[in-house]
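Subject: Structure for your files

Hello,

Here is the structure I said I would pass on. My notes on it follow below.

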Amino acid sequence: MSGLVYRDLLTYYRKNTKVTYILEVVYFLFFLLVLRNIYGAITFLVIAAPISMSGLPATMKDLDSNYKGMISARLMPYTQRDIVTSRFKAAFSCHLLYLAEMLIFCILHHAITGDISWKTYFLLFLGGWLSAIFITCVNLLSSFITGMNAAAIIYLITTVLPVALFLLIMLTDLYEIIMPLFTGNHPYIFWIFAVLLDVIMVAVSYLISVNRFTKQSAKL
Amino acid sequence: MEYFTENILSVSHLTKTYKDFKLDDVSFTIPRGMIVGLIGENGAGKSTTISAVLNMLSIDSGDISVFDMDFRKHEREIKQKIGAVLDELHQIPHLYCSDIDKIMKRSYMHWDSHLFREYLDRFHLPADKKVRELSKGMNVKLNFAIALSHNPEFLILDEATSGLDPVIRDEILELLQDFVLDEKHSVLISSHITSDLDKIADYIIFMHEGRIRFIKSKEEIDTHYGVLNCRNDFFEALSPDDYLAYIKGDYSVQVLIRNKQALLAHFQDLVIERATVEDIMLFYIKGVITCQD
């Protein structure tokens, strides 16, 4: 199914305009050079990068619905299960570029500010990636079980909700309560729970997507 | 229909029920080396039949066998050998024609990039243009280039030539005739452009209201069928065994003759025109059918 994965990734990057990539660079530089403190690092690594990472399912859903992309895929030599699996693979392959971007951010941010420990960078990196995996699974699941409008709304919620939660935590006393969970004496329980949650979410979203998609009929 | 030793497609008692429509007990086979035309009015069930053959929808009952394999169990292998061009189904608009080559060679075992580029040149399709910049006709030509470039054994075309200018349509029809020359490949073509089927089809399957009304070879249609325009009094004199259907006008009757040679033997001065595929379709839909053939 490498053809389908390649198709999804190529389509995703072709669909993004130059403006999208310019904005990515602007966000990167803003949080690196302008807001160069722990809050900039948290915002970029835990909020901005995960939201960017999880965009492929919504983009492909739009193409599947408006340009019959899914019917084209059904004509190719793949089963319906292959199509779901390749979409999941493409969505998570998309993370690699952003993970590299996050890593470069951590290195440059440390070089510029020097006042955050590598352990904190690692935890922020891991937290961002885990939340990206969760958001990506939600969007993948919605792309296979709902229509285009519902999938778009869910994508919007997964974009706005993390930002809203982040602002709520940073601007209230919740920051003092939540941060020790990540960086306190025994943070392992939380991290193990977060990883397990993601593993379960990936499995559940995949199985439900396969089940629902194999029951659908394509409309010519 | 004659039964050949090897069929590329066998559809047996296919049934699919929707709220307002039923594809009812559809059975037919497509032998190797044949071009089979599928005709019928809008809503007759042609696209539903093709969807079922391509495993794009779940059927209520029946069996579909392609290359002697069950589609549900051998979907990947079957689709490796099928090329499909469907109406209004174009490639992803943001991709370049050259991107499609890279995608398809990762998908099809027998994808031929050289052949694909030859078709792009032949159809005057620029490799460096995005799909969304191509006209409708160019998109159809691109779909044909893709369908033909992985060396398929079976082509399925659903209204594939609509939107093409007559010159390129003629070229496509020639391609299809060349495609079946080796008698190992077949084509199933659903089209409203019945003149195309008149030119190239070996067999015609006519569907109406979800059922197959007839399956006839083109040779049989050309040899035995004819259209007679006559006055009412002459029509009344004909035996019902001489014709399949008729359409009564104000001053004349159009009659679909089932055995024109026999009728001409009795009435040598009769002018019986060749029955085209379109004629037969119109008689079955708008005419009075006197007997099932």
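**Between the chains**

B:R106 lies over the face of A:Y6, 3.9 Å from the ring centre; a charge is taken to sit over a ring if NZ of Lys or CZ of Arg is within 6 Å of the ring centre and within 35 degrees of the ring normal. Please keep in mind that this is a predicted model, in which local features need pLDDT of at least 70 and side-chain atom pairs count only at pLDDT 80 or more, while totals for chains, interfaces and linings use all residues. Residues are numbered from 1 along each chain as its sequence is written, chains are lettered from A and ligands numbered from 1 in the order in which they are written, and side-chain values use heavy atoms, with hydrogens and water left out.

Chain A gives 25 residues to the contact and chain B gives 31 residues, contact meaning heavy atoms within 4.5 Å. About 2,600 Å² is buried between the two chains, 63% of it from carbon and sulfur atoms; buried area is the accessible area (1.4 Å probe) that two parts lose on being put together, summed over both. Two salt bridges are counted between chain A and chain B, a salt bridge being a side-chain nitrogen of Lys or Arg within 4 Å of a carboxyl oxygen of Asp or Glu. A:D82 and B:R76 meet in a salt bridge, at 2.6 Å from N to O.

**Salt bridges within the chains**

Over all chains, the structure holds 25 salt bridges. In one of them A:R87 pairs with A:D64, the closest N and O atoms being 3.0 Å apart. This pair links helix α6 of chain A, which holds A:R87, to helix α4 (residues 56-66) of chain A, which holds A:D64, 23 residues apart; helices (H or I, at least four residues) and strands (E, at least two) are DSSP runs, numbered from the N terminus. A:R87 counts as buried because its relative accessibility is 3%, and A:D64 is buried at 13%. Buried means under 20% relative accessible area, exposed over 50%, and partly exposed in between (1.4 Å probe, protein chains only). A:R7, A:D8, A:D64 and A:R87 are linked in a network of salt bridges.

In chain B, the side chains of B:E153 and B:R32 meet in a salt bridge of 3.0 Å, N to O. B:E153 lies in the loop between α5 (136-148) and β7 (154-158) of chain B and B:R32 in the loop between β2 and β3 (35-39) of chain B, so the bridge ties together parts that are 121 residues apart in sequence. B:E153 is partly exposed at 21% relative accessibility, whereas B:R32 is buried at 17%.

**Rings and core**

There are 21 aromatic pairs over all chains. Rings of Phe, Tyr and Trp (its six-membered ring) pair if their centres lie within 6.5 Å; planes under 30 degrees apart count as stacked, over 60 as edge-to-face and the rest as tilted. A:F31 and A:F44 form a tilted pair, 6.3 Å centre to centre with 50° between the planes. Both are buried, and A:F31 and A:F44 belong to one aromatic cluster with A:F28, A:F30 and A:F105.

The largest nonpolar core has 103 residues, and B:L142 and B:L176 have the most contacts inside it. Such a core is a set of buried Ala, Val, Leu, Ile, Met, Phe, Trp, Tyr and Cys residues joined through side-chain atoms within 4.5 Å.

Regards
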